[in-house]
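Here is a short report on a two-chain model. Look at the sequence and structure first, then read on.

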Amino acid sequence: MAKSDDCVHILQGLLVFGNVVIGMCGIALTAECIYFVTDPHGLYPLLEATENNDIYAAAWIGIFVGFALFALSILGIIGVIKSDRTLLLVYIILMLITFAFEMASCITAATHRDFLTPNLFLKQMLERYQKSDPANNNDQLMIEGVTKTWDKLMLQNHCCGVLGPSDWQDYTSAFRVTHSDADFPWPRKCCVMDAQGVPVNLDGCKLGVPGYYNNDGCYDAISGPMNTHAWGVAWFGFAILCWTFCVLLGTMFYWSGIEY
Amino acid sequence: LPYVPRIPTAALLGKVTATTFALERPCCIFDRHANASDAVWLVVAFANASATFRNPLSWADVPPYKQLPTAHSYMTLETAVAAYACSAPSPAVLRVGDDTACRDQGRHDPCNGPLPSPGPYRVKFLLMGCHGPKAETRWSDPILLQRAVSPGTIDPAPSHRGSAVVVIASILASLGTVLATAVLGALGAKLWGSLCHRDLGTSAFSHRSYRTHHIPPALPQPQPLSCDCSPPGLGCFALRPPAPHHRN
């Protein structure tokens, strides 16, 4: 009798510990997803213009799943300590629903990260940056978003284009329609600027003299934060789900052992 | 003059664009033949028209920039010969096609306007004095400008599915299936078990063990002293105090 009591106590202790970890991970997931949703690098307009912002949807789901995990973990702790069958049944069913949502969030974030290729941003930049005749209101909003974001990107990261300034030479673009190739082989923002925001040597920049223009592509500055975002949501969610799986199996075993 | 104009070999990203190109500045080439008042022109012609180009005999015959589509050549970049002297401090390259203002305003000065088509061009330098051409360099190799492609040819689709997605999706799907099966199984087993127990409880002969209680024989209840009833049904001659017949 004493031995089975000890086993029960050990199982209870393990389940309580498991639920505590789930609760803390839930809060961490919520915090992480809120951080991503606030878009500290200002890259959301680029995703919005590609009409492929599902990694943000995954982050939003993550916020609510985190809260749900925290609340359910408290419910689970109470249920385990009180050995209440009804509470634990409710806990198990709600946890399954949360598990399903978090699964969806992880798979969405991982899948849609693969769509964010350099070519996607290149095409969007060439077609939208400084486009002068918007087709409709929605197009106008996207154009403004893309233009502002690219200007900020190129100024802050000292880069030009997606793969380099030659993007502007290899392809025709909406930018080329309003800015002649002789004056603007690439946008002015690609030039090295002084403190007042004026190019240091405009002729040098136009000719491509090293030191007067930015030769790097901006793709690293875009993909870095997006990778962190997508993999942060996907892998952390995956880890939480693996742990939750174990805790849920333990809870079900405990539940089936409770006498009426 | 044996000099051949050429595009600079330095690593300049903008040395050839869609409407401009850069040339190395010739130094010390014209010093022997030139007076101080002479000027050096750059002749730009389509590669297939370079053989038919005739040097203009005077300053009035210089083909302007506007004539490029019809005459297939023009002359530009008129600079004093001193700029090409050995001792002149100068930028190392000349940019052909740099001036967009003169194209739009149509001035008559030698216009260094952007080139309208990418078709291969050949250039040569021509030293013009007051009475006509004095010296010229050789024609350059054909220079082909950049041709830009439409961005519609860019294919934004990813080249291959990442392995991380497959790992995450497969492991999560299997975990979810195991959990769902476990819950359904546990619930089903409990339901089946409780149904079976209810069935067994309704049958008269159950397998439960009965615990017998020892019931001591009941002691005869003390009869009320005031009632002697021997044969039942004959009534009782009550010697009790009469009970009240009706309630108050």
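## Annotated span in chain B

Residues 164-189 of chain B are 100% helix and 0% strand. Their end C-alpha atoms lie 37 Å apart. Helices here are DSSP runs of H or I with at least four residues, strands are E runs of at least two, and both are numbered from the N terminus. UniProt, in an unreviewed entry, gives residues 164-189 of chain B the feature "transmembrane region". UniProt positions follow the numbering used here, feature names are shortened, and annotations may be inferred rather than shown by experiment.

This is a predicted model: local features need pLDDT of at least 70, side-chain atom pairs count only at pLDDT 80 or more, and totals for chains, interfaces and linings use all residues. Residues are numbered from 1 along each chain as its sequence is written, chains are lettered from A and ligands numbered from 1 in the order written, and side-chain values use heavy atoms, without hydrogens and water.

## Helices of chain A

In chain A, the unreviewed UniProt entry places "transmembrane region" at residues 12-37, 57-81, 88-110 and 233-255. Residues 57-81 of chain A are 100% helix and 0% strand, with end C-alpha atoms 36 Å apart. Residues 233-255 of chain A are also 100% helix and 0% strand. Their end C-alpha atoms lie 31 Å apart.

Helix α3 of chain A (residues 54-82) has 29 residues and reaches 41 Å from first C-alpha to last. The expected span is 42 Å, taken as 1.5 Å times one less than the number of residues. Just after α3(A), A:Ser83 takes a positive phi of about 55°. Helix α4 of chain A (residues 85-113) has 29 residues and reaches 42 Å, close to the 42 Å expected. At the start of α4(A), a side-chain oxygen of A:Asp84 comes within 3.0 Å of the backbone nitrogen of A:Thr86.

## Where the chains meet

How many residues of chain A are in contact with chain B? There are 51, and they touch 50 residues of chain B; contact means heavy atoms within 4.5 Å. The two chains bury about 4000 Å² between them, 74% of it on carbon and sulfur atoms. Buried area is the accessible area (1.4 Å probe) that two parts lose on being put together, summed over both.

In chain A, α4, α5, α7, α9 and α10 each supply at least two residues of the side that touches chain B. α10(A) gives the most, with 12 residues.

## Salt bridges

A salt bridge is a side-chain nitrogen of Lys or Arg within 4 Å of a carboxyl oxygen of Asp or Glu.

One pair is A:Asp139 with A:Arg128 (3.5 Å, N to O). A:Asp139 lies in α6 and A:Arg128 in α5 of chain A, so the pair ties together parts 11 residues apart in sequence.

Key. A polar contact is a pair of N or O atoms within 3.5 Å; within protein, one must be able to donate a hydrogen and the other to accept it, and residues adjacent in sequence count only if both atoms are side-chain atoms.
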